Amino acid sequence: GDPTQDGCAFHVDGLSALFDEFKRNGLQKEISEFDVEEQDGVPWTVFYVVAPDGLCYWFGERQPAVQG
């Protein structure tokens, strides 16, 4: 299929450290800035990496639920 329509998600701990490791190891493909997304009422701090073949990888770290 079309790799730009596919990808993978990774739930991680230490999202900032992972981002820094990617940069230290020379990843030069598109790296998004950190963003906050909500999935099923749960906030996630996330960033995306698009691989040379167009696959999109989502890296997210779960955040504490907002009390309201």
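**Aromatic ring pairs in the predicted model**

Phe10, Phe19, Phe22, Phe34, Phe47, Tyr57 and Phe59 are linked by ring pairs into a cluster. The structure described here is a predicted model, and a search of the whole of it finds 9 aromatic pairs. Two of these pairs are described below.

The rings of Phe10 and Phe59 form a stacked pair, with a centre-to-centre distance of 5.3 Å and an angle of 15 degrees between the planes. Because Phe10 belongs to strand β1, which covers residues 7-11, and Phe59 to strand β4, which covers residues 56-62, this pair ties together parts of the structure that are 49 residues apart in sequence. The two partners can also be described by their accessibility: Phe10 counts as partly exposed, at 35% relative accessibility, whereas Phe59 has a relative accessible area of 9% and is therefore buried, the cut-off for burial being under 20%.

In the pair formed by Phe34 and Phe47, the ring centres are 5.7 Å apart and the planes stand at 85 degrees, so the arrangement is edge-to-face. Phe34 is placed in the loop between α1 (15-24) and β2 (35-39), while Phe47 is part of strand β3 (residues 42-50), and the pair therefore ties together parts that are 13 residues apart in sequence. With regard to accessibility, Phe34 is partly exposed, its relative accessibility being 35%, whereas Phe47 is buried, with a relative accessible area of 0%.

How values were computed. Residues are numbered from 1 along each chain as its sequence is written. This is a predicted model: local features need pLDDT of at least 70, side-chain atom pairs count only at pLDDT 80 or more; totals for chains, interfaces and linings use all residues. Side-chain values use heavy atoms; hydrogens and water are left out. Rings of Phe, Tyr and Trp (its six-membered ring) pair if their centres lie within 6.5 Å; planes under 30 degrees apart count as stacked, over 60 as edge-to-face and the rest as tilted. Helices (H or I, at least four residues) and strands (E, at least two) are DSSP runs, numbered from the N terminus. Buried means under 20% relative accessible area, exposed over 50%, partly exposed in between (1.4 Å probe, protein chains only).
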